[in-house]
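Hello,

Here is the structure I promised to pass on. Please open it alongside these notes.

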Amino acid sequence: MELLGDFLKQKPCESDGVENVIVVDNIPVVGPARFPKLQGVLEKIFKNAGTIVNIHYPKDDEENTKGFAFIEFKNPEMAEEAVKAFNNYRLDKSHTLLVNLFSDFQKYSDIPKDWSPPESQPYKVQNDLYTFLSEPDAQDQFCVVAESTPGAVQVQFWHNTQPEPVELLTRERFTETYVKWSPLGTYIVTFHKQGVVIWGGSSFTKINKFAHSNTQYVDFSPCEQYLVTYGPNGQKIIIWDIRTGTEKRSFVSDGSSNMSMFRWSHDDKYVARMGDNAIHVYETNTFYLLDKKSIKVQGIRNFSWSPTDNIIAYWMSEDIDAPARVTLLEIPKKIEVRNKNLFNVADCKIHWQKSGDYLCVKVDRYSKSKKDKKDADVKFLGMFYNFEIFHMREKDIPVDSVEVKETILAFAWEPVGSKFSIIHGEPSNANVSFYEAKKGQEPTMLRKMEKKVCSHLFWSPRGQFIVLANLQMGSFEFVDTNDFTIMKSGDHYRASEVEWDPTGRYVVTGTSGKVKEDHGYHLWSFQGRILKRVNLKNFMLFLWRPRPPTLLPDERQKEIRKNLKKYYAQFESKDRVRMTRASKELLEKRAKLREQFVEYRAKRVNDWEEQKYRRMQLRNNMDTDTLEADPDNVEEEIVEILVREDTTLLE
């Protein structure tokens, strides 16, 4: 009788094992002929969650499936992982799987009939995410990332005040790898083993967390509504709603590189990715395919959204009977607004101007091609290059072409304006050409700067100024493109990164990684004057905090630029006050240090005088504090040293 209680606990229950079972709804209804294919597809999908014990497909009298299935896993943990991973999984354009635990049906069926309203919760004050925009002098913020210990990264947040930056906050072990700002500067994201976390507000408090283990990379939508987390190759890619933290859609990686697999429209209404001979465009209100079907493009190689309009530019490679082609496709109507056929094309690169007024397609062309018999690779001979410039704001979108015979090392649009720059030639003896695109005219060359040792172009976000950089040698030239004068040249040996601040007033160069040189960063003015050198052990990253675009209309901005001299006196007065305040603080600090030293010295002199009696006892009552104290005990010796010997000839 004493063992009866323990024995009854082992009695089987009708609910035993249901925790291992999931219900998969909205599967295709198929007949006996197509059933083996359906069975194979579902088993291939769900075996990624764990070991499958059994699958049951309910069928009608005609042996057709009923649109749902029961899958039993080895343990409850595997079943929960299957629900988490594959609920709302897009099987095809007509079927999105709905996956639930079998035990959840009992939970939802036991909901009480009598409903009572939830208790009201006290109002919780939210963080002001935009305090960084309310700084009176519009000084920017930046963060400095350094590895404090292996696997633990320190992040310092600074305010770029003048004459010296002010530290806002330091977070130890803030992230495990690196950090990234959102495109408008509202959030900063950190990476952890369990997933990623976004932070914001004046003290960078936690805003939301997203559970996606071993996330390697993240991408924000332009309006900061959505976050994409990329797992290691072969694992999931998840799109999240930033505000609510809910998962909107997930995809299984194809095992290739995941970096920026998804590309967003400028207004967050659409997100697209490239597939086999197709572009998949999803509407973000449902994250279903636009018009429930993909856009078929045979031979597509790459695509890119316009930064200001819902237009996709893509290019497709040559086929046996068709040339290569660049197409501009308007979304959501899917209307081709412009096509450009290209011949003898090896590769293309798509470069949108920031304002969306122009599109440049860099075309790598060849004179001859040769197929290698051993590895079946095609080798291109006689390479030359074209830059196809699309005038997006003009009627029928005319296209102009700029041809360059030399090897192209870099291309960059001026962010504000219509100039673009090209580095061409050999890396050790390159030329930098500047062109300007004008409405109704072909691009004209403004200046060709010859014999430059540079490999990268970094335009100021406000235009006009550009840095010509050689990131192998760490040499930089600061150029004003109004008259193409080289304002200044500078060096930062083995610098591997260049960052302009959002206002275009400062440039930062940084040295990090496995180089043996001192890690750290240099702060420059836009004119190339070095302002600050900071050496930091295990320095990893320097990131300016982005700013949202201005709300001022173009007319108001032009008026301010036109009357900028009116504001000079006000700005200079503020600068003088700031420098005077800084000088006053420095003088006060020096005076305080001097007082501390004088006080310390007087105390030590007093101690020395009090200890004189003891010194004389130790020295047989002889005063040796000065040389004159015991003249009889001093020996004088005169030493002569030959300094120089000269020989002079007398005539």
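Below are the findings, grouped by region.

This is a predicted model: local features need pLDDT of at least 70, side-chain atom pairs count only at pLDDT 80 or more, and totals for chains, interfaces and linings use all residues. Residues are numbered from 1 along each chain as its sequence is written, and side-chain values use heavy atoms, with hydrogens and water left out.

**Helix α2**

Helices (H or I, at least four residues) and strands (E, at least two) are DSSP runs, numbered from the N terminus. Helix α2 covers residues 35-46. Its 12 residues should span 16 Å at 1.5 Å a residue, and the end C-alpha atoms are 17 Å apart, which agrees. The expected span is 1.5 Å times one less than the number of residues.

Phe 35, Leu 38, Leu 42, Ile 45 and Phe 46 are the buried residues of α2. They lie on the same side of α2, because they cover an arc of only 95 degrees around the axis. That arc is taken from the directions from the helix axis to the C-beta atoms. An α-helix has 3.6 residues a turn, so residues three or four places apart point the same way. Buried means under 20% relative accessible area, exposed over 50%, and partly exposed in between (1.4 Å probe, protein chains only).

The buried residues pack against β1 (21-25), β2 (52-56), β3 (68-73), α3 (76-86), β4 (89-92) and β5 (95-101). Exposed Pro 36, Lys 37 and Lys 44 sit on the face turned away from the buried side.

**Asp 268**

Asp 268 is in the loop between β17 (263-264) and β18 (270-275). Asp 268 is buried, yet has no salt bridge. A salt bridge needs a side-chain nitrogen of Lys or Arg within 4 Å of a carboxyl oxygen of Asp or Glu. Lys 269 is the nearest side chain of opposite charge, 11 Å away. For charge, Lys and Arg count as positive and Asp and Glu as negative; His and the chain ends are not counted.

Leaving aside neighbours within four places in sequence, Asp 268 is in contact (heavy atoms within 4.5 Å) with Ser 221, Pro 222, Cys 223, Glu 224, Gln 225, Tyr 226 and Thr 284.

**Backbone points**

The peptide bond from Ile 331 to Pro 332 is cis, with omega near 15 degrees. Pro 332 is in the loop between β24 (324-330) and β25 (335-342).

Lys 292 is not a glycine, but its phi is positive, near 60 degrees. Lys 292 counts as exposed because its relative accessibility is 55%.

Best regards
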